[in-house]
Amino acid sequence: MVEPVGNHYVIARPVYSENAFNEEHEKLHRYHKTFWDHLKLYFSCSPQRVKKIALGLFPVVSWLPAYRFREWVLSDIISGINTGLVAVLQGLAFALLVNVPPSYGLYAAFFPVLVYFIFGTSRHISVGPFPVLSLMVGGVVTRLVPDDSIGNGNSTNTSAINDERVMVAASVTFLSGIVQLLLGIFQFGFIVIYLSQSLISGFTTAAAVHVLVSQLKFMFQLPVPGFNKPLGIIYTLESIFSQITETNVADLVTSLVVLLIVFVVKEMNDRYKEKLPAPIPIELFVTVLAALISYFVNFEEKFGVAVVGKLEEGFQAPVAPDVGILQKCIGDGISIAIVGFAVAFSVAKVYSIKHDYPIDGNKELIAFGLGNIVGGSFKGFASSTALSRSGVQESTGGKTQIAGIISSVIVLVVILAIGFLLAPLQKSVLASLALGNLKGMLMQFKEVSILWRKDKFDCVIWVVTFLAAVFLGLDIGLATAVAFQLLTVVIRSQIPSCTVLANVGRSNIYRNRKDYSDIYEPEGVKIFKCSSPIFFANIEFFREKLITAVGFNPLRVLRKRNKALRKIRKMLKKGELQVTPKGLICMANPTYESDEELDNNQIEELDQPTVMTDLPIRINWSTDLPPGITVPQVNLHSIILDFSSVSFLDFSAMTVLRKTLKEFVRLDIDIYIAGGLLDKLERSAFFDEEIKPSMFFLTIHDAVLHILLKKDIANSPKLKIAEVTLQNGLRNRECTVRL
């Protein structure tokens, strides 16, 4: 019964062990589904399940009929136009990262949007090229079709090389789509949880650095080969600075001017976003202006600048991926699939929380997988979502993926009709636009100091991920980062948080004894808490911490006691000891024997419980022993283990834990465990004659009250009659014991 008294509460109830509580309160039997039950359910077939699967595969069916046409259509059209213009420019710019002709970036900005409209669950993200993925695909392209394969650089050879590179990009994109589709079908959407926010932030920041370095050759217009290998960024910088005197000044000046304008206007967009009806489309203005200036001034002939050139008009027939290429880039396909999904899902989750609607990780995997499969078939490259482009779609009023369809129409118009207008545009302008979109990712450097103050493990993960991705490459760097992150989890779980608790304020509250001054510790009682799972990797650490907390090694004390009993038996047999009412008295000078002689090659017997039935007197280990016999003093009679925060125990941990508990029990120390795990231990045959289920109590306070009442009964003859009640768990009486 709980009675509120002001801001206090008074509880009157029996002291409960786990067994006593379960006997008094009926526990419901719950059937836990097995793996085969889940498998049968997954492959079961019924009309309702078919309908559910159909709606699940085509999320558009669930939201499109409920579309508020009059309220949303204008916002979606405006948002779609703005997003489409940005998508066109980003598609062209990010194609440079992939090392393919710019027009293929338009395909990557078109086909995945159409697929995501049907299969995606987010209403606000803009699907298409993403600089990190583009750079990862470009790494594969450079590795399989290196720059030095261009040879003499004539137009025919360059065209053949470009075709080969397009095929590599399309094949690895197709493969990443297959990986994402399979992960979605087999319900592996949870895989994103293994990429922490710190890891994603460090990885995308490193990718931004790679993007920055990769665009320098377009800004300086230098023939820099690709180095897709560990320390490739160092070799790239070395190649750039070794040719720095050959820089095309016109391209460099154009790049710096465009960068300055883009950064200033983007800063204005961020600072005055509350006052502006929509972000200023500076990329569009800069592109149109640069194309016009380049056309009328004829920069290509006068200054020798590199231009986009004629774009492919219309669409090409879909092609099958090259099997030979697929075999060479399996690891890259998996990395691209996981990174693309992780970034897109993170952005989608932010908008789903902001606008209060659900998203499904498995359906997102299927949507992006199908998008990459279709995009790769039409010679596009890997897609995800660009943070800036999604921000434009959401901030300009986009309500649904209708805005995505409108944006794809804008891309379609450029592909079919007006792409030729971008032919005189300098590649250095596209490079500057790509760098202009990196501000958000590069600003993530600020997170290092914040993470250091909040969580040093996360800070180290960020730094290691960044350094690994920068110097080892994005593919090897990602694998290294994930491995290191899992290692930190192992390290943290391998060193569990173990503390000694004490009662605070003479109530039912128990906290770390080092944190408070007003504490109470019952005499002879030690309360030990473990706040982590206990398993094979940390059970020895747990045992060492427990031994340190109690102040002695139970196995050592047990062996000392058994050795002492052997010596006492020998001394009694020789007449060197005599039993008196006051205890054992030494009648002669004791003979000292080494521990090896006392062991008698039977060390296993020393680990067994002490047996005194054959002795004429029971040995009190707390009193003075005969000369020549020393046994460490033990001042504890009870140990309470707080396992309320222990989520699981594995078999190895159970074995060591049972052995450790038996060592204490054999020293006549009572063991009590507060918290759960009783059901699991019973199923695992953990208990025997020495370790019994009766040691489990609901809370620490229940165990403490039980110990104190048991002590009162032992010290007062008048309370002996209550001992039977105590042994039955005090089920029929309420007990109040003041601490």
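Guide: Let's start with Asn 99, found in the loop between helix H5 (69-98) and helix H6 (103-108). Keep in mind that this is a predicted model.

Visitor: Why is Asn 99 called buried?

Guide: Its relative accessible area is 17%. Buried means under 20%, so Asn 99 at 17% gets that label. Asn 99 also has a positive phi of about 65°, although it is not a glycine.

Visitor: And Asp 356, what makes that residue count as exposed?

Guide: Asp 356 has 69% relative accessibility. The cut-off for exposed is over 50%, so Asp 356 qualifies. You'll find Asp 356 in the loop between helix H16 (330-355) and helix H17 (361-377). Its phi is near 60°, a positive value in a residue other than glycine.

Visitor: How do you know that Thr 287 counts as buried?

Guide: Thr 287, which lies in helix H13 (residues 282-297), has 2% relative accessibility. With buried set at under 20%, 2% makes Thr 287 buried. Leaving aside neighbours within four places in sequence, Thr 287 is in contact with Leu 89, Leu 422, Leu 425 and Leu 433.

Visitor: Why is Ile 185 called partly exposed?

Guide: Ile 185 comes out at 38% relative accessible area.

Visitor: What makes strand S11 mostly covered?

Guide: Five of the five residues in S11 (residues 638-642) are buried. Side chains in a regular strand alternate between the two faces of the sheet. In S11, Ser 638, Ile 640 and Asp 642 are on one side, with Ile 639 and Leu 641 on the other, and all are buried.

Visitor: How do you know that S11 pairs with strand S12?

Guide: Pairing takes at least two bridges; five join S11 to S12 (residues 670-674), so they pair, running parallel. Ser 638 stands opposite Asp 670 in S12. Strand S8 (residues 525-530) is also joined to S11 by five bridges, again parallel, and Phe 528 stands opposite Leu 641.

How values were computed. Residues are numbered from 1 along each chain as its sequence is written. This is a predicted model: local features need pLDDT of at least 70, side-chain atom pairs count only at pLDDT 80 or more; totals for chains, interfaces and linings use all residues. Side-chain values use heavy atoms; hydrogens and water are left out. Buried means under 20% relative accessible area, exposed over 50%, partly exposed in between (1.4 Å probe, protein chains only). Helices (H or I, at least four residues) and strands (E, at least two) are DSSP runs, numbered from the N terminus. Contact means heavy atoms within 4.5 Å.
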